[in-house]
Amino acid sequence: MSQPTIESILKEKRLFQPGAEFSQNAHIKSLDEYQRLYEKAAADPPKFWAELAEKELHWFKKWDTVLDWQPPNAKWFVGGQTNIAYNCLDRHLTTWRKNKAALIWEGEPGDSRTLTYAQLHREVCQMANVFKQLGVKKGDRIGIYMPMIPEAAIAMLACARIGAPHTVVFGGFSAEALKDRLVDAEAKLVITADGGWRKDAIVPLKEQVDKALEHGVPSVDNVLVVQRTGQNTHMEPGRDHWWHDLQANASGECPAEPMESEDMLFILYTSGTTGKPKGVVHTTAGYNLYTHITTQWTFDLKDTDVYWCTADVGWITGHSYIVYGPLSNGATTVMYEGAPRSSNPGCFWDVVEKYGVTIFYTAPTAIRAFIKMGEHHPKARNLSSLRILGTVGEPINPEAWVWYHRVIGKERCPIVDTWWQTETGGFMITPIPGAIPTKPGSATLPFPGIIADVVDLDGNPVGENQGGYLAIKHPWPSMMRTVYGDPDRFRRTYWEHIPPKDGQYFYFAGDGARRDETGYFWVMGRVDDVISVSGHRLGTMEIESALVSHPAVAEAAVVGKPDELRGEAIVAFVSVEEGYDAGDELDKLLKQHVVSEIGALARPAEIRFTDDLPKTRSGKIMRRLLRNLAAGQEIAGDTSTLQDRSVLDKLRSGA
Ligand code: PRX
């Protein structure tokens, strides 16, 4: 499909565009300017990125080749040397930003801390020196399993500083899930805290680390523990060290290691269509550049902004848009330990008011939770500092969009609905506020340099308003480089799902989408066996593997069903082994089992026991039918391939 014309976009009635003053002061001031930029980038992407790399980043050594594209492997800025921690910290120290707030942190119990760029730099250097003291070398992997406290960001930056790739594991994952990730990454050191606060309770993180290591992670020599909650914590002599003990004698100077552009920056595990999560690998320079520029343009970032992204650093959003993107720009980034909770339904709005947050970035699931808690909470706070709102993680339903726009944005703030993934590293399809008018529920247009399309499985563009697969047709700087330890899986999953033709490769995102008559993208959700529960991405196979690892389970099939609050809820169809009673007790036991195998985020909302599962004659579970059943819908589509119709009838009648 050709690019939309400006006239056709502006003719739309449902559009929202902030006032003229906003656009005049924005980085990208008009749709016309966006389009010129887009066309310039599309005509010669390497040239476009090279110009930005030169202007926006510090280089120890300039690159020789901008892009080396040997599908599906892309290398950006080959021969160049930089360091993302240097770009996030050191270069600001020679400017007035030295004493600017880099990180504002608010703990759930109401404690808080502000670190200037100079202070953050010092603590990062101290931690980097402690890593070295513990025997960590460039290239060694470090596991981070932390609550949302400044030390989580400090640890990430300290890793980047010495060239030790981090793998951050979300604190809500269980000991078992943590173990799997540490084993796969062969982590040498783990950084954790005694605990963290979440929904008025302490999450005992160190205890989980102990359990994970008990199960056997031979690569881990040391554990560094930050004292956060102060409860009694077991410390294994010789292995476990308190951060404050080692920090006391650590130097606050540690030069940033010049890193090759393509040196690994981090591994982040994410769910896919098989049972085993994939280690998504991101590298240094391209990731730095892309997260830097997308933060700057998409949030129209200014030095006066107070920027708050409510994600957890355990997810890609936390990596790219709490830590690296904002700090690389010298911004003030807010970090909040807590989650929206009924005991303090106004907690988010208190943070906005207290710090005068100007840019607020959250997920549709959080917005839906706030709607439920009532608009009197935000209305009782002064939210006038806000100027831009953002959303990420799942398609935003128009009701939530309109509420966000009206109650939080006071019909004044543009909403940037950013479509992207762990794999893409940064925003791919997103409004640029002031330039691209928004429509509720649409991520609008691709970021300059991103050649996106909606295609069929042969790679042919589908027509206007036709559903198809979201695909990216040119490499971009922050694209994932591989699946850690499994390059074959990388190629198969992302670059061969739509077979290449005539030298054209298609990055397959796994999302369905359509483009409307103005060329705007509407992302419809996953087309594979990945579900999104409260914006957390989970593979149905992963949950099935957890279920069948319990001795009572013969077979399990997991599907998502629509859920008003969480987007999707997990429904598990389970057949039990002989000798076990399918009843309430087993129901509870299995839910708990999934929690201990993966984490509370994967707890099934519902388990339906059944003698058998609907399968095709070749023995494949027909999940489509189970999805219909779970949602209480009529069975749609063809059922002629079903092996045994009576299975379906029984499931339908609840027998
Ligand atoms: O299905 C899309 C959905 O989230 C998936 C990526 O999940 P994850 O790697 O965990 O990263 C989440 C944060 C970037 C996508 O394949 N998704 C993300 N953002 C949007 C979205 N769906 C619709 N609209 C969005 N803005």
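Threonine 444 sits in the loop that runs between strand S20 (415-417) and strand S21 (452-455). In this predicted model, threonine 444 takes a positive phi of about 65 degrees even though it is not a glycine. Most residues other than glycine have a negative phi, and most peptide bonds are trans. Threonine 444 counts as buried because its relative accessible area is 0%, under the 20% cut-off.

The loop between strand S1 (65-70) and strand S2 (73-78) contains proline 72. Proline 72 is joined to proline 71 by a cis peptide bond, with omega at about 0 degrees. A positive phi, near 65 degrees, is also found at glycine 356, which follows H13. Within helix H13 (residues 347-355), the buried residues include Cys347, Phe348, Trp349, Val351, Val352 and Tyr355.

Attention now turns to the ligand. Around the ligand there are 16 residues, of which Asp417, Thr418, Thr422, Asp511 and Arg537 come nearest. By class, this shell comprises six nonpolar, five polar and five charged residues. Helix H12 (316-328) and strand S25 (521-526) each contribute at least two residues to the shell. A polar side-chain atom of glutamine 421 lies 2.9 Å from an oxygen atom of the ligand. On the backbone side, an N or O atom of glycine 393 is 3.1 Å from a ligand nitrogen atom, and a polar backbone atom of proline 395 is 3.4 Å from a nitrogen atom of the ligand. The ligand taken alone exposes 540 Å², and the protein buries 93% of that area.

Strand S25 also holds methionine 524. Methionine 524 counts as exposed because its relative accessibility is 52%, with the cut-off for exposed residues set at over 50%. The C-alpha atom of methionine 524 is separated by 9.8 Å from that of isoleucine 396, although the two residues are 128 residues apart along the chain.

The empty spaces of the model complete the picture. Rolling a probe the size of a water molecule over the atoms shows where empty space is left. The structure holds two cavities of 30 Å³ or more. The largest cavity has a volume of about 60 Å³, and its lining consists of Asn83, Ile84, Cys159, Ala160, Gly163, Ala164, Pro165, Met259, Met264, Leu265 and Thr284. Helix H7 (150-162) and strand S14 (264-270) are the elements that give two or more residues to this lining. Eight of the lining residues are nonpolar and three are polar, with no charged residues.

The second largest cavity has a volume of about 40 Å³. Its lining is formed by Val168, Val169, Phe170, Phe173, Arg181, Leu268, Tyr269, Gly314 and Trp315, which divide into seven nonpolar, one polar and one charged.

Conventions: Residues numbered from 1 in each chain as written. Predicted model: local features only at pLDDT ≥ 70, side-chain atom pairs only at ≥ 80, totals over all residues. Heavy atoms only, no water. 1 Å grid on protein atoms, 1.4 Å probe; cavity = no way out; pocket = protein on both sides within 12 Å on 5 of 7 lines; lining within 4 Å. Points joined across faces, edges and corners; volume = space filled by probe spheres on them. Helix = DSSP H or I, 4+ residues; strand = E, 2+ residues; numbered from the N terminus. Nonpolar A, V, L, I, M, F, W, Y, C, P; charged D, E, K, R; others polar. Near = heavy atom within 4 Å. Polar contact = N/O pair within 3.5 Å; in protein donor to acceptor, adjacent residues only side chain to side chain. Areas by Shrake-Rupley, 256 points an atom, 1.4 Å probe, with all protein chains shown as cover. Buried < 20%, exposed > 50% of the residue type's maximum accessible area, 1.4 Å probe, protein only.
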